[in-house]
Amino acid sequence: MSAASRKRPRKNAHTALRFGRLAAMGTVTALILIAGVRGSWGTAQHVMLGKGREQGTMTVTACSQERCTGPYRPVSAGSRARTRVTIEESAAVREGRTYAVTVKPGSDDVVRSGPAGLLYAWVPFGGALLLASVVVAGGLRLTRSAWVMAGAGLALLTATFLAV
């Protein structure tokens, strides 16, 4: 048995393990990013696809537990005024302030619109980019790609913090 034939099984095993690691880490990265997009899309779709939706302003008058309420004044054609709409309480809304909002179809729930609302809607994706960058750097060993992902996530989160 030659030396070359004795080393071949070890090289094949190493190649199989490397492929398995790349496949596993690639799958984890994809799942993290998909979860980030899915978490963001629930709100982002109302902000990004606002054409034909009711748009207006909301003045936050009261907040309790996880919801804030207030009157809605329409600014788009076909929208009707409402005495009470609700928005999720978060760092993005404060009692006594007025915000540009979009009404979720078939409800009295609203989401922030405009640049601040758009950035805020994509916060879960920004967090997913940061988390996925760690997997890409450590698991896939693609450090440049990981730095780009981390930079994009950090830029999104910082822009949101400044806009909101």
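Leu49 is partly exposed, with a relative accessibility of 46%; buried denotes under 20% relative accessible area, exposed over 50%, and partly exposed the range in between (1.4 Å probe, protein chains only). This residue is located in the loop between α1 and β1 (55–59). The structure is a predicted model, in which local features need pLDDT of at least 70 and side-chain atom pairs count only at pLDDT 80 or more, whereas totals for chains, interfaces and linings use all residues. Residues are numbered from 1 along each chain as its sequence is written, and side-chain values use heavy atoms, with hydrogens and water left out.

Together with Val37, Trp41, Met48 and Leu118, Leu49 makes a nonpolar surface patch of about 410 Å². Patch residues have over 30% relative accessible area and no salt bridge, and nonpolar side chains (Val, Leu, Ile, Met, Phe, Trp, Tyr) are joined within 5 Å, like charges within 9 Å. A salt bridge places a side-chain nitrogen of Lys or Arg within 4 Å of a carboxyl oxygen of Asp or Glu. Areas follow the Shrake-Rupley method with a 1.4 Å probe, only the protein chains shown counting as cover for residues. Helix α1 (residues 3–48) contributes the largest share of the patch, three residues; helices (H or I, at least four residues) and strands (E, at least two) are DSSP runs, numbered from the N terminus.

One disulfide is counted, a disulfide being a pair of cysteine sulfur atoms within 2.5 Å. The sulfur atoms of Cys63 and Cys68 lie 2.0 Å apart, and this link is right-handed, with 105° about the S-S bond. Cys63 is partly exposed at 26% relative accessible area, while Cys68 is buried at 0%.
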